[in-house]
Amino acid sequence: MFYFVTNQFDVNDPVGVEQLKRLTLFSDNQQDAKILVLDDQPDLSQQKDLAQVAANQIQSVFTAIVPHTNATVRVPYTTGDIQTFTQYQARPNGEETAFFDGEQLVMKIRYFTATTGGQAVLHQIRTISYFSEHGDRLRTEEYDLTGNKISTHYFRADGNLRLTVYFQIDGSSLLTIDYDQQGTIR
């Protein structure tokens with residue numbers, strides 16, 4: 001399978017037109033290929049309809065990674081889990097909790113309230129960001145509603161993305177994206 005990665009997909013944009021040409025070329029040569037859209041794009045379904053391709057040929061990276069199956073999944077992590085396993089001082093602020101070792105920021109957790117099996121799961125973790133001793137963000141891990149890790153984003157000291165790894169539901173790597181010094185996909 002070949003993946004063409006883009007932040008947004010627009011069938012009327014020159015980049016979108018080129019991606020569709022590539023997709024057609026691969027299809028003509030009987031090679032499986034998909035366009036993976038990294039950003040949350042509300043009009044993606046409309047764009048796929050305009051592109052007139054199979055529904056699974058252009059997908060949100062989250063749809064591609066987290067299949068809609070009854071696969072065995074882990075119990076979702078909550079901020080309470082992190083507090084149980086650490087000695088850090090937690091400072092909640094809205095949908096985010098910062099964890100400190102003294103005055104040193106160690107990690108930040110963003111969370112959301114979700115419903116799983118008809119029951120509310122409070123403070124379920126969406127992202128965990130880890131910080132260096134100098135306060136620089138080192139990496140951020142993203143989790144889905146079922147507690148599976150979707151991706152890990154690694155950062156440079158200047159704050160730009162260095163590398164992103166997307167994971168399948170079984171934890172194996174699906175896709176690795178390398179970024180240049182300005183944070184643009186290579």
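An open sheet of three strands, with the order β1-β2-β3 and parallel pairing, is found in this predicted model (two strands pair if DSSP finds at least two bridges between them; strands are DSSP runs of E with at least two residues, helices are runs of H or I with at least four residues, and both are numbered from the N terminus). Strands β1 (2–6) and β3 (58–60) form the edges; each has a single partner strand, so one side of each is left without a neighbour in the sheet. On average, neighbouring strands of this sheet are turned by 30° against each other, direction ignored (axes are lines fitted to C-alpha atoms, for helices over the stretch in contact, and angles run from 0 to 180 degrees between N-to-C directions). Strand β2 (residues 33–37) runs parallel to β3 and is joined to β3 by three bridges. The bridge partner of Val37 is Ser60 in β3. Helix α2 (residues 44–51) lies across β2 and β3, at about 175° to β3 (contact means heavy atoms within 4.5 Å).

Residues are numbered from 1 along each chain as its sequence is written, and side-chain values use heavy atoms, with hydrogens and water left out. As the model is predicted, local features need pLDDT of at least 70 and side-chain atom pairs count only at pLDDT 80 or more, whereas totals for chains, interfaces and linings use all residues.

An antiparallel pair is formed by strand β10 (residues 161–167) and strand β11 (residues 173–178), over five bridges. Phe167 has Ser173 of β11 as its bridge partner. Five residues lie between the strands of this hairpin, in which Gly171 takes a positive phi near 95°.

Two arginine side chains were examined in relation to aromatic rings. The charged end of Arg91 sits over the ring of Phe100, at 3.9 Å from its centre (the criterion is NZ of Lys or CZ of Arg within 6 Å of the ring centre and within 35 degrees of the ring normal). Arg137 lies over the face of Phe155, 3.9 Å from the ring centre.

For the protein as a whole, the secondary structure comprises four helices and 11 strands. Of its 186 residues, 39% count as buried (under 20% relative accessible area, with a 1.4 Å probe and protein chains only). The accessible surface comes to about 11100 Å², of which 48% belongs to carbon and sulfur atoms (Shrake-Rupley method, 1.4 Å probe). Among contacts with a separation of 6 or more, 36% are accounted for by residues 24 or more positions apart.

Conventions:
Buried means under 20% relative accessible area, exposed over 50%, partly exposed in between (1.4 Å probe, protein chains only).
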